[in-house]
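Please study the structure shown below together with its sequence.

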Amino acid sequence: MSQDLKQYDQAFMGHPKPLKGLFFTELWERFSYYGIRPLLILYMAAMIADGGLGLDRPSASAIVGLFAGSMYLMTVLGGWVADRWLGQEKAVWYGSLIIACGHISIALTALFSHFFFYFGLVLIVIGSGLFKTCISVIVGTLYKAQDTRRDAGFSIFYMGINLGSVLAPLVTGLLVKDYGWHWGFGIGGIGMLISLIIFRAMTVPQLKKFNALQGAETTWDKAVHYDKNAPKVVTLFLVLVAVVVTLTSIGYLHINPVIIVKYLTVSICIAIIAYFAYLLLFANLNTTEKKKIIICFVLLMTAALFWSAFEQKPTSFNLFAQDFTNRQFLGFEIPAVWFQSVNPILIVIFAPIAAWLWMKLGKSNRDPSYISKFIIALVLAACGFGLMVLASHSVIQNHGNTVSPLWLIGAMLFLTLGELCLSPVGLSAMTKLAPNVLRGQIMGLWFTASALGNLMAGLIGGHVSADEINQLPTLFMRCVIALLIGAVILWLLRTPIRKLLDQTASTKPTPIQNSQVET
């Protein structure tokens, strides 16, 4: 290795220099996303006199769920477009531009009609589908297969995600409080513009120089398997989106978000069941592989249940923070969206501790199995919602007066600990259980669990309001019961699942490039 290459290969905290550009590109993209996401339900549910859209809370919550769920589904198409047509670099670049246009469109709602708000959400979903997976793939190209720095590199990249997640609600919360909704939305657009400038001016030149020093052919700037029909597929998709947007804007097509989310949730569940049935019946798998596929299905549906609880942070928890939480501190009113920074702060604190704990237990051969960690995740989430049951009882006993913010913070602590038990573990389990020829497909299905969870959270989260204050304990208790039922079912299945996991213990899984990035 030449001296120049060695310096460039270790220029950013002992990692390749392009990781720096990718780190800040992702940081500002996540800043833009987590800046607007907690504002959505508050803005849509706010009265028109207060500058909002005046939607009923179930509809507003359903739109938030549809927005986040569609984003995860769109990554499937985005990844296909990158592989078959654009390549990773162009996918990230065009995705950044589309996301920035989406933020600008939302900000223009202050000057024009509400159409620009919904159109902006559509643009962000499309752009994120291109951006979200492709930038993680580019990070993976910085390391050769045997490079032991890969996991640490993704951990640094993951820290960029969490820094953006922490900062965004803090900034947008102040802007909305002092200057109005559209300043909060607008700052997200500025964050996205910073992201795409960093990518074009810093990241791409660094990547090109790194590849030149290595004398290696670049793989991130062109399609892996070019398909001449890919542009036609993309054109057809965009035409369909344009037709729906146009018909909706002129009043010929009326969309009920709650009904759409219900049908989409059912459709995804049916599609997942049908696809797993196809794999079992027609994919020419042997008996052991079929058993593994069944376990993958069980874990995937468990993950969807967990995410349906976890993703209530921007919906039901957000509304609870606004309506029923005492946010006064030394004469200053804490913006409700600031509570959305609690989870990423806790991730930064506890992720290293969790990694250390699993390693320590693993050295003494006491590391809990995948299925045990899933059960722990569901129980922790149930504890979090148990705190929300107690908090809502306290609200009722105080005749609707606000309660301590420690209830929300405690609930988010339990959810965060559950996330650390389920999210990275689930990725690892999928790579270990999935047959080699189906590993990519199973990983794609794993991400549909996040989409499904967001959609279900959207249906649940809109029922937090002063008009339904007596229903709050029941609402949160239903989540507790559902999570505990899921944990009990997994506990009953733990023995056969553990046996199959033991059978695969000697098989080394293929590393997955985005195994430590956000799901």
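How many cavities of 30 Å³ or more does the structure hold? It holds 2. A cavity is a set of points, on a 1 Å grid over the protein atoms alone, where a 1.4 Å probe fits but cannot get out. This is a predicted model, in which local features need pLDDT of at least 70 and side-chain atom pairs count only at pLDDT 80 or more, while totals for chains, interfaces and linings use all residues. Residues are numbered from 1 along each chain as its sequence is written, and side-chain values use heavy atoms, with hydrogens and water left out.

The second largest cavity contains about 30 Å³ of space, a volume being the space filled by probe spheres set on the grid points. Among the residues that line this cavity are Val-64, Glu-311, Pro-314 and Asn-454; lining residues have an atom within 4 Å of a point. At least two lining residues come from each of the helices α3 (57–107), α10 (313–324) and α14 (439–460), where helices are DSSP runs (H or I, at least four residues) numbered from the N terminus.

Helix α7 (residues 230–249) gives the largest share of the patch, 4 residues. Tyr-252 lies in the loop between α7 and α8 (257–282). Tyr-252 counts as exposed because its relative accessibility is 69%; exposed means over 50%, buried under 20%, and partly exposed in between (1.4 Å probe, protein chains only).

Side chains of opposite charge can pair when their charged atoms come close. The whole structure has 6 salt bridges, each a side-chain nitrogen of Lys or Arg within 4 Å of a carboxyl oxygen of Asp or Glu. One of them joins Asp-227 and Arg-84, whose closest N and O atoms are 3.7 Å apart. Asp-227 lies in the loop between α6 (181–214) and α7 and Arg-84 in helix α3, so the pair ties together parts that are 143 residues apart in sequence. Asp-227 is buried at 19% relative accessibility, whereas Arg-84 is partly exposed at 30%.

Another salt bridge connects Arg-200 with Glu-89 (3.3 Å, N to O). This pair also links distant parts of the chain, with Arg-200 in helix α6 and Glu-89 in helix α3, 111 residues apart.

Conventions: 1 Å grid on protein atoms, 1.4 Å probe; cavity = no way out; pocket = protein on both sides within 12 Å on 5 of 7 lines; lining within 4 Å.
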